[in-house]
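Here are my notes on the charged pairs in this one. Have the model open while you read.

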Amino acid sequence: MDGKPGNCPFCGAPEKYVKELDNYDRLMADEVGEVSRKNIKQAIQLEIDNAKFYACAARKTNDENEASVFKRLGKVEAEHAEALAELIDIEEEEIPTFEECYSKATENYKMANKRESKAIEEYRQFAKEAEEPEIEEFFQALAEIEQTHLELSDRKI
């Protein structure tokens with residue numbers, strides 16, 4: 001394959017955020033300020049919470065096709081948590097088991113809608129607060145990815 005993919009196949013980042021490895025200049029963890037470090041830790045918890053919710057929804061949803069969608073969304077959220085942990089060079093956490101979801105896909109999409117709305121709001125705020133351009137861009141990308149998840153849940157409700 002020549003060039004970069006349209007969207008990241010792991011985290012769902014839009015093409016404009018996908019960089020070829022030769023053009024990637026990684027921000028070092030010790031270059032991340034305290035405000036961004038605090039926000040990144042909060043974002044990690046939010047992503048882990050969403051990943052565990054989607055894993056629950058994938059297990060409990062009666063519709064096999066919808067369960068597959070929830071499983072994929074959970075993997076994307078876990079990928080976000082991992083990427084955030086790498087930004088500040090901390091060990092990624094395990095995704096705990098969660099049981100607070102539904103057997104009906106529609107109910108899980110309603111809950112997903114609330115979760116994604118919260119993530120978008122927080123990530124937009126974190127982007128504004130970031131002192132580092134790379135962290136600002138990272139949170140903007142996360143907000144855009146979560147917006148696609150929100151739009152999916154909107155269509156399914």
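The points below go through the salt bridges pair by pair.

1. Ground rules: this is a predicted model, where local features need pLDDT of at least 70, side-chain atom pairs count only at pLDDT 80 or more, and totals for chains, interfaces and linings use all residues. Numbering runs from 1 along each chain as its sequence is written, and side-chain values use heavy atoms, leaving out hydrogens and water.

2. I get six salt bridges, taking one to be a side-chain nitrogen of Lys or Arg within 4 Å of a carboxyl oxygen of Asp or Glu.

3. Look at Asp49 and Lys52: their side chains form a salt bridge at 3.4 Å, N to O. They sit three residues apart in helix H1 (residues 34-60), about one helical turn; helices here are DSSP runs of H or I, at least four residues, numbered from the N terminus. Lys52 is buried at 16% relative accessibility, while Asp49 is partly exposed at 29% (buried is under 20% relative accessible area, exposed over 50%, partly exposed in between, with a 1.4 Å probe and protein chains only).

4. Lys60 pairs with Glu99 at 3.3 Å, N to O. Lys60 is in helix H1 and Glu99 in the loop between helix H2 (64-87) and helix H3 (105-129), so this bridge ties together parts 39 residues apart in sequence. Lys60 is partly exposed at 29%, and Glu99 is partly exposed at 45%. Arg59 joins Lys60 and Glu99 in a salt-bridge network.

5. In helix H3, Lys118 and Glu122 are four residues apart, about one turn, and form a salt bridge with their closest N and O atoms 3.9 Å apart. Glu122 is buried at 17%; Lys118 is partly exposed at 47%.

Note on methods
Helix = DSSP H or I, 4+ residues; strand = E, 2+ residues; numbered from the N terminus.
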